[in-house]
Structures are given as C-alpha cells and as structure tokens.
Amino acid sequence: MIRFEATPITLDAAAPGSTEPRRTITGLAIPWNVEATVSTGQRVKFLEGSLPVDGPAPVLLEFHDSSRPVGIVTQRVSDSTGMMFEAKLSDTAAGRDQMTLMLDSVVTAVSVGAEPIDYTIDKKTGTMTVTKALWSELSLVTAGAFTDAKILQVAASTPEDDEPQPEEKEEEMSEPIETAVVEAATKPTELLFATPKQEFKMPSAGEWIAAQFAGGAIAAEFNARLRAAAPSVTTGDLDGILPLPIVAPIYSGIQGLRPVVDAVGVRAMPQGGKIFIVPKITTHTSIGGPETQNATITAGQFVVDDIQVTKGIYGGYVQLSEASIDWTDPEVLGALLEDLGKKYALFTDDVAADALLTGTVQTTGNVAPADPADWVQKIYACASTILTNGNYLPDHLFVSGDVFAQLGTLSDTSDRPLFPQVGPMNAFGTMNAASRDSIVFGLRLVVDTNFAAKTTIVGAAATGAFRCYEQQKGAIVADIGAGASTLSRDVAWRGYFAPKMIDANQFMKIPQA
C-alpha cells in the first residue's frame, strides 16, 4: 500500500438555501508525473490515468487509519494536472471534528492510499513509475509532501445565519482547481487569519522537538515566531535543544572480499571428525609398446595416498549491552553482524593466501619488475614447468597489491601500455586500476592484499590442486556467561575453514629481488 502526500484541499462548508451545513471538500488528490517519497521510503511518481475515475468510491479516512472513516469521495476527475476530487464528510462527531480542524487550518492536506498494479522501477534512481493502481482511500492529514500543501483561505457559514444571499453557481469538477481558496456559500463571513502576535515565550527542548517532528506549517510557524521574538539568538545559544542527527547508513571502510578463496572455489567440509582425508594418486599406471607378439606388456603400479586436512575454527564475538541494541539508530546489531561477517571473510582469505604462498615451492629466477620482456620470459617458464608436471596449462595469476601496480604500468618500447583498458589485437591482456576483473598474459588476475609484498604465483587453479574447504556457521546471539547478570548479549560469528595444497606441481612462484 502506497501513501502519497498530495496537494492542497479546499473546503465548502455550506450551500445556498441548504437546511443543513454542506460538508464537502475539493482539491487535487495527486499530481501526475511528480516524484515524491512515500511512507515506505520509496520514490514514486504516478502517470496520468494511473488512478481510476470510476468503480468503488475511495473512503475518506483520518490519517490512513481504516478504523477512523469520516466520509466518502463523491467525484473524481482526471486532467493534465492530476487527479481532482470532491469528497463529502459524514454527519458524525468525527466528521464535524474534521470540519472544525480544517476551518482552523489544522488539517490542511490530503494523502492518497493506493496499491500499484502496473509499474516500472528505474534501476539507476530507484524511482517507481506507476501506470495503473487501485485507489482505495483518501486521508485527511495535517501536512503534505509539498510546500504549498495547505489551505490558503477559508470562509465558513452555517444554516443559523439569517441574512439571505444571492445564490452562487458552483463550479463543475471538470475545471482545474487552481488555488486552495474557498468562497462562502450563503453569505460573506470573516476570514480566518493568523491570530495577532502575542508575547512569545522561549520554548523548552521538548516543545521545539515536537514542533519539528510535526513538520509542515506547524514547524514553519513555530520557527518564524522563534526568530521574530529573539532575533539575536544563534545556534550557539541553543546547544541544549538542537538535535544531533545521525545519517545512515554506517560507513564501514572495508570490503569482505576473498579473492583467493573465490578464485579456487569453496568445497563442502564433511560434518564429522576433526581431520578428514583427500585421496591423491601418487603413482600412476604405466603404458608401453609397441610390443611383439606373446611378449609381456609393460607392468605398472597404481598408488593412492591420503592427504590429511585438519579443520580450523575461526570466529570472533562482541559483548553488547541490551540497552545499546534497543536504543541505537541505526540499529547497532545489524551493523555489528555485517562487520563480523566481513572480518571473517578477510581473515579466512588471509589464511588461504598464506597456505597458497607457503604451499607453492617451485620458483623461477628473479624477475625485473619494470622489464616487460623479462615478465614474458618468466610467465612462459612457469607455464612450461606446469605443463611438464601434469600436462596442464596455468589459468590464474595471483599477485599482491604492489605487483598489481607494477603490471599496470608496464609499457612497450613505444610507451604503449602492455595491458590497455581497451586492448588492441596485439595486446598481452587488459586491465585498469578500477577493476579486479583483468586478464594478464592470458591469465585471470587475482589481486589480494593478504599476500606479502612482491608475491607473484602462476597456477592451474581450475585443476583443484589447491583447495579450500569450509562450513560457515554464521552468526549467533546468546545470553550466556555473564550476559544475563549484566543485561548484555554475546554476538559471535564463526565457521570451520581449511585450505590445503593438494599438488604443488601445479603452482610456481616468480620472485623479485
């Protein structure tokens, strides 16, 4: 259900020759093609024709409360400006109270209650554009979303007035309502203007905050009176009543990325046991030939060894007071859980990066960091060695942050980037400073700040030669230990994680001096 704050209403309190007061209001229920923020926080705009002018009449409510009906919408007219309406207030205590509030300029606007049926959402701005909606109710409210959502002038009369007046012709609803001025129906009466200026007493903190929360005309009038009564008052004099707003969302400053873990993938960890094994063929069979007839063919062996993997427990916790959970805005618990999840991701990726670096034992000679030709020579030396060891070719290049910068600044003898952002046909790859998704020497680049400086590892990661096993346990919030006695809760994030080098022959380091 969308609640859309709309534009001014006008009030007709009595009709000529009527034996009872008229209780009708007219105005603009909603403007077409104008963006506004509705009660859910969604940015919405309604297109012309999106609300129906026929069918069941919307109910007139107080403040979108279905238990507080005060009337019915009697006429709906759509023009190029928006949806015009006329509504009748019922002859009930609530209806009469609302009439009084409108005459006193307390209730000054209307708000549509509609349910979108056909709509689109802009992916960039998040704005919902409604082309068809079910209009169920129209509510009387104290302030709208627009600055002019108020009754500018009100004249009221009742059947007790004795003086006859010439009958005035009431305008048809098809004509646009241009202002919020309402003329008397039976005789001119005194207009309701603001009361004469009275002595203004400086407000308490509670009074000031209440006025600002009310918003609209109430807050504007309150602040104007405050400035008029005390023109020399500055914010330095009001430290005790000025609020300290908090703008969400909370800035984190870290990304919970796991470049190494994501590159090799995560495998399911068995539930039981502290240690589990991964089978690995250590001796392969042999094939020979050609053999002569009736001769013995080549004998071989087949040996499967077990690689033991030990589970590791990783996690952290924070003890939060119950009050800090209840009183904070934005709510601290959600921010804390997000931060714990990010730190878990960073720490386990660091464990994986260390295991990959330690487990890679093959190396080439030192590379000259600024020499493109030397880089090419070392990369192909690694590829040749990995190919010889298992008939695989490498597919990933794991580097630390400083090596990422070295590769990005390499250029040929004509000062052309070796890895341009938009690569010509003769480029060795493509990369840029704003993206981790890069190809260098034909290898998928994996940049990880958890590596030690000057780290470069060429590897056939897709073979499964290096693996990460994990069972994420996630968050847990519990009143344990001293929590109950201290009115606090332990908030923890944990998981089981185990990286393991299965075949070091599929990885090779390129060191630097």
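Q: What is the bridge partner of His396 in S18?
A: The partner of His396 in that strand is Gly459. Strands here are DSSP runs (E, at least two residues), and helices are DSSP runs too (H or I, at least four), numbered from the N terminus.

Q: Before we go on, what sort of model is this?
A: A predicted model: local features need pLDDT of at least 70, side-chain atom pairs count only at pLDDT 80 or more, and totals for chains, interfaces and linings use all residues. Residues are numbered from 1 along each chain as its sequence is written, and side-chain values use heavy atoms, with hydrogens and water left out.

Q: OK. How do S14 and S18 run, parallel or antiparallel?
A: Antiparallel, with 4 bridges joining S14 to S18 (residues 456-459). Two strands count as paired if DSSP finds at least two bridges between them.

Q: And S14 with S17, parallel or antiparallel?
A: Parallel, with 4 bridges between S14 and S17 (residues 443-447). Leu397 has Leu445 as its bridge partner in S17. Val399 stands opposite Val447 in S17.

Q: Which residues of S14 are buried?
A: His396 and Phe398 on one side, Leu397 and Val399 on the other, so both faces of S14 (residues 396-399) are covered. Buried means under 20% relative accessible area, exposed means over 50%, and partly exposed is in between (1.4 Å probe, protein chains only).

Q: What's the strand order in that sheet?
A: S15-S16-S17-S14-S18-S21, an open sheet of 6 strands with mixed pairing. S15 (429-430) and S21 (507-509) stand at the edges, each with a single partner strand, so one side of each has no neighbour in the sheet.

Q: Switching to charges. How many salt bridges are there?
A: A search of the whole structure finds 8. The test is a side-chain nitrogen of Lys or Arg within 4 Å of a carboxyl oxygen of Asp or Glu.

Q: Which parts of the chain does the Arg489 and Glu322 pair link?
A: First the contact: their side chains meet in a salt bridge at 3.9 Å, N to O. The pair links distant parts of the chain, with Arg489 in strand S20 (residues 488-501) and Glu322 in helix H5 (residues 322-327), 167 residues apart. Arg489 is partly exposed at 28% relative accessibility, and Glu322 is partly exposed at 32%.

Q: Where do Glu338 and Lys342 lie?
A: Both are in helix H6 (residues 332-359), 4 residues apart, about one turn of the helix. Glu338 is partly exposed at 48%, while Lys342 is buried at 17%.

Q: What does the Asp490 side chain make a polar contact with?
A: The side chain of Gln319, at 3.3 Å. A polar contact is a pair of N or O atoms within 3.5 Å; within protein, one must be able to donate a hydrogen and the other to accept it, and residues adjacent in sequence count only if both atoms are side-chain atoms.
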